[in-house]
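Morning, everyone. Let me put the model up, and then I'll walk through it.

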Number of protein chains: 2
Amino acid sequence: MIYTKTGEYAIRAILFLARQPKDALIMSSEIAKSEEIPAHYLAKILQRMAKYGYVDSFKGRGGGFKITELAKKSSILEIVERVEGPVINLKCVTGLKECSDENPCPLHEEWAELRNRIYNLISSKSVQEVAEKYSETLKRNA
Amino acid sequence: MIYTKTGEYAIRAILFLARQPKDALIMSSEIAKSEEIPAHYLAKILQRMAKYGYVDSFKGRGGGFKITELAKKSSILEIVERVEGPVINLKCVTGLKECSDENPCPLHEEWAELRNRIYNLISSKSVQEVAEKYSETLKRNA
DNA sequence: TTTAATTAAGATATAAGACTCTCAAATAAC
DNA sequence: GTTATTTGAGAGTCTTATATCTTAATTAAA
């Protein structure tokens, strides 16, 4: 995984919410159970995502969370970076002190290309697109 | 970076030793200074690498470390995995619970390909090859 | 209006990684 | 043999990520 558990949980939660019927309110505990995420920890992450405007939260009986339009349009990378800070170290795989574009180590350029492709992979599709395609797959295999 | 600081330091130290004149003994403190690695921490890592047979160590005045033939023939991946345990999580970038080869999420296959290429990048060349090519670059730009 | 349910907030606990310190063991120089 | 130097080994500290717990705030239902 390129990001931390926190980022992974955030993505799993947001993709879970993206697959729910429109405007349905889902409890934190239900997401935690379905996605097998530590409940209290997920609650914290959802709290943060609520602040950032990726989910709307509703207190009290019948309350819960639902995904916002902002989150649907956002990429996985955007959400993860918001929740846990910059993703993927920019340094070369060798980590060599002097390694740079001017003074490239033998793995420098290949790594730069792969790094770009990873970025592209997690930033070029919206959460909604990913969620929809995934729903189709789940339906087909059901 | 795909691995932790510990792995990064190990690689930088071993590549540094690989660039030294044959059979020269280099002190831990010298490597630490050149590569800007916390000295005591590096000492620990070198200790472990000595156990694994990647460096030979010599105590006392005039002592130090030198790279072994085993390390020269090894890949970066092998050394890092020995020093810090398995590298790169095998799970998909989405981290989705149900995501698998049978039930792939929309990013699954692209990620699998990139993952393989990363593995290949850090496992297909020997430490010696990388070090030699890097020495040439440094010389050319000197 | 009381109770139950649900999120918000903040404090606390646990674990792992990163880093430091101290002393022992070995070896070379004096 | 004594001293200075260098690695070996182990304990200890610091920081960050992960996870848990407790109480407050809010809301719906009884």
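Start with DNA strand C. From chain A, helix H2 (28-35), H3 and strand E2 (64-67) each supply at least two residues of the surface near this DNA strand, and so do helix H1 (5-18) and H3 of chain B. Near means that a residue's C-beta atom, placed from the backbone, lies within 6 Å of the molecule or strand. Helices (H or I, at least four residues) and strands (E, at least two) are DSSP runs, numbered from the N terminus.

Some ground rules. This is a predicted model: local features need pLDDT of at least 70, side-chain atom pairs count only at pLDDT 80 or more, and totals for chains, interfaces and linings use all residues. Residues are numbered from 1 along each chain as its sequence is written, while chains are lettered from A and ligands numbered from 1 in the order in which they are written.

Back to DNA strand C. There are 25 residues around it, and Ser57(A), Thr4(B), Lys5(B), Pro38(B) and Gly60(B) come nearest.

Now DNA strand D. It is surrounded by 24 residues, the closest being Thr4(A), Lys5(A), Pro38(A), Gly60(A) and Ser57(B). Here chain A brings helix H1 (5-18) and helix H3 (39-52), and chain B brings helix H2 (28-35), helix H3 (39-52) and strand E2 (64-67), each with at least two residues.

Strand E1 (residues 55-58) of chain A pairs with E2(A), antiparallel, over four bridges; pairing takes at least two DSSP bridges. Asp56(A) stands opposite Lys66(A). Five residues lie between the strands, and Gly60(A) has a positive phi near 80°.

Next, helix H5 (residues 76-84) of chain A. Which of its residues are buried? Ile76(A), Leu77(A), Ile79(A), Val80(A) and Val83(A). Buried means 20 or more other C-beta atoms within 10 Å of the residue's own, all placed from the backbone. Down the axis of H5(A), the buried residues fall within an arc of 165°, so they line one face of the helix. That arc is taken from the directions from the helix axis to the C-beta atoms. After H5(A) comes Gly85(A), with a positive phi near 90°.

Last, the cores. A nonpolar core is a set of buried Ala, Val, Leu, Ile, Met, Phe, Trp, Tyr and Cys residues joined through C-beta atoms within 7 Å. The largest has 41 residues; Ala13(B) and Ile79(B) are among those touching the most other members. H1(B) gives the most to this core, nine residues. Apart from it lies another core, of 39 residues, including Tyr3(A) and Met49(A).

Definitions and conventions: A residue is buried if 20 or more other C-beta atoms lie within 10 Å of its own, exposed if 12 or fewer, and partly exposed in between; C-beta atoms are placed from the backbone.
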